[in-house]
Amino acid sequence: MANRSRPPAEEELAEIRRYEDFSTIDWVKDATLERYRQSTVHTQNVNDHSWRGWWKMTFETTQTWIVVSLVGAAIGVNSALIAIVTDWLSDIKLGYCSTAWWLNQKYCCWEIEGNDGGCEYWTYWSQVVGLGPDVFIIKWLLYILWATLFATTCAYLVKSLAPYAAGSGISEIKCIIAGFVMKGFLGGWTLLMKSVGLTMAVASNLSIGKEGPSVHMACCVGNVISRSFRKFRSSQVEMREILTASSAAGVAVAFGSPIGGVLFALEEMTSTFANRTMWKSFFCAMIATIVLQAMNPFRTGKLVMFQVSYDREWHSFEYLFVIIIGIFGGLYGAFVIKYNVMVAKFRKTVLKNHPIYEAAVLALVTAFIAYPNVFMRIDMTEIMGILFRECEGNDGEDYYGLCQENQVGRMVFLLLVATILRTLLTIISYGCRVPCGIFVPSMAIGATFGRMVGLLVKSWQENDPEFFLFSTCKPDVPCITPGTYAFLGAAAALCGVMKITVSVVVIMFELTGQITYILPTMIALMVTRAVGDRFGSGGIADRYIRLGGYPFLDAEDHAFGVPVSHVMQKDMSVIYASGMLFSELEELIHDTMYRGFPVIQDKQDMTLVGYIGRSELAYLLEKAKTMNKAHASTLCQFKPDDDESREQFASISSLDYRIQGSSEVLDFGPYIDQTPISVHPKLDLEIVMDMFKQLGPRVILLELRGKLVGLVTVKDVLKYMALMESAETSSDSRDTTEMLGKLFSWAFQRTSQYMPVHAQSEVHEMSGRRS
């Protein structure tokens, strides 16, 4: 049996096969190579009863779980450190602890804090300049100064050191898991700069969150650690499972919800979620959550600042207000998605060369607007924790009169203003060139709206307890809990902007620990999703994928009613099975950027012989020049191998270094893929799209009676989809124009009956000039 494992050749080919930036991975081929690698390892060591053979087999079996454990632990540590630093920087804008400068306001004033969170040990910046603790204008100006400084520094670091650290990263991660390659996006330097920059971006009080970037950072951790193991360096299939598990762990530590993180990865991040991937995701999320809880960054035993516990009953009449909150979530999501995409397009065309100035201006404006409103002044995760809580009980908190009956009008006004302003700021802030997410801003907006509704309902019930809706309320206990309305509003807003439902329900359940509120949450999210889908499918992450032009097919079903031949490429660069010179193959590599080439019989006979990838062909040409002394006039053949045994497998790493032939004639036949995926040109386009989604090939060949007639890639399908959407938009625009024209004509005819003759002639002249 020939030697099937040549580590030097594998490593050398891996360097060549490092899929070029902004290209796609052929999952079919990669999965085949991974299965072959596993078979080779088993064959080599199954009969080896020494300790070396035992160790190799054991390590092959357990290294995946070792990597998952290391990744989960690292994600938990990174999340805890970011939470601690972010909390401290957020409070630095207000002042510092005179007894220990490294403590934030909460720990500096532990159990002795006043209504505003301060105490005698907390020194406001207005006191530092000798003007006392209550000089509002000084505290406001210094708050703006610190916020602008944080945002400017963050934008500078991102632009100078790690441009990929900007933004949320969820859209790009979805594409990478689907097979799109972006070199450096998951690198160690990106991880470091995103971690450092995120603390400053969130502390600047921009209308952004850290939960979205936590998914990006978690995938960076997974990529950096797994790259230390050869198995994951050589297999993109295994790497995809690690990235999926990392994304689940990122959401788990962001919300303190390991099961919700797994469901988020299933619902949002990938469409190929095998059982083994689910177990790895669950294990990684569990390890990350355990480490986060052990580090206890908030010193409260809670995994996130807005984790709450409710013990009140839910009344049937409250479903009416749940529906109202659900409608708000759907409208909010549609509004933010539409106008944030417009801002993103403006940013790409006008502001793309001024990211630092943009971040500085956004921070300055946000701080200027936010400080006077007590619900916008502090960190959004902290304000959510305040809005979620009940007013009664040990955990109750009367934040600036939030729980006082005589302050209801003032609180409703401040909450309404906070909802409107935070929505507008989120639209213009999300997507700027700093690490930013939209999860927490949306949840904070939903929480302010929900708390406002809760306060209004509670005030209504207390002022008119005999109203028929409140007949089920008990007289001696509080009937309405405004905190639960804030909780439902946060869930609805998050669902509205991301278009995810099941994972949000589970995340909210894990945050409260109460099964009582699952049904209201489900109803609110169903209403949100129904309202949001009326304005378009796909969440904001999907819209950013389209805006970025990434080759990603969404999970939505499409009906085009055309065969795949409408999309195929007819003008192809092909390789002939015989009669090609070595120089022609080199020119083909040099002059084209295609990721592979169909192999046909000859120019006259278009019979399909097979397919060879660009990386394999480049490797073969280099080896032929060094090992076989090939030159420009060397004749190259691609004769298919008729041997069906596994001695000759279409993998360079499985064969000998030397290529068959001499310096005059070379045979590359054993290296071509003789069984590429091919379909009939009349096959429905929808079926081909499903093949791309489920199988993940880089290219599908179109074959008619054995003759190659074309090929199709994901990019070809996306171009056709964009063309169809553009045609539909133009058709809708023409229909609107025709309708307005008919309306104008009708109005003119009706009006002209009462107009003088000379006025009618003037109108006709104006209409002629306008047309």
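**Strand pairing, a nonpolar patch and salt bridges**

Ile600 has Leu608 of strand β6 as its bridge partner. A second pairing places Pro598 opposite Tyr611, likewise in β6. Strands (E, at least two residues) and helices (H or I, at least four) are DSSP runs, numbered from the N terminus. The model is a predicted one, in which local features need pLDDT of at least 70 and side-chain atom pairs count only at pLDDT 80 or more, while totals for chains, interfaces and linings use all residues. Residues are numbered from 1 along each chain as its sequence is written, and side-chain values use heavy atoms, with hydrogens and water left out.

Strand β5 (residues 596–600) is joined to β6 by 5 bridges, and the two run antiparallel. These strands belong to an open sheet of 3 strands with mixed pairing, in the order β3-β5-β6. At its edges are β3 (575–576) and β6 (608–613), each of which pairs on one side only; two strands are taken to pair if DSSP finds at least two bridges between them. Strand β6 is largely enclosed by the rest of the structure, because 6 of its 6 residues are buried. Burial is defined as under 20% relative accessible area and exposure as over 50%, with partly exposed residues in between (1.4 Å probe, protein chains only). Helix α25 (residues 614–627) lies across β3, β5 and β6 and runs at about 80° to β6. Contact here means heavy atoms within 4.5 Å; axes are lines fitted to C-alpha atoms, for helices over the stretch in contact, and angles run from 0 to 180 degrees between N-to-C directions.

The side chains of Glu586 and Lys625 meet at 3.4 Å, N to O. Glu586 is partly exposed, at 29% relative accessible area, and Lys625 is partly exposed at 34%.

In total, the count comes to 11 salt bridges. Among them is the pair of Glu268 and Lys174, with an N to O distance of 3.4 Å. Glu268 is in helix α12 (residues 258–269) and Lys174 in helix α7 (residues 170–178), so parts 94 residues apart in sequence are tied together. Glu268 is buried at 8% relative accessibility, and Lys174 is buried at 5%. Lys174 also forms a salt bridge with Asp542, the closest N and O atoms lying 2.7 Å apart. This pair links distant parts of the chain, since Asp542 belongs to helix α23 (residues 540–548), 368 residues from Lys174. Asp542, like Lys174, is buried.

Phe335, Tyr339, Met342, Leu416, Ile420 and Leu424 make a nonpolar surface patch of about 530 Å². Patches are made of residues with over 30% relative accessible area and no salt bridge, like charges being joined within 9 Å and nonpolar side chains (Val, Leu, Ile, Met, Phe, Trp, Tyr) within 5 Å. Accessible areas come from the Shrake-Rupley method with a 1.4 Å probe; for residues, only the protein chains shown count as cover. Helices α14 (319–349) and α18 (408–429) each supply at least two residues of the patch. Phe335, located in α14, is partly exposed, with a relative accessible area of 36%.

Notes:
A salt bridge is a side-chain nitrogen of Lys or Arg within 4 Å of a carboxyl oxygen of Asp or Glu.
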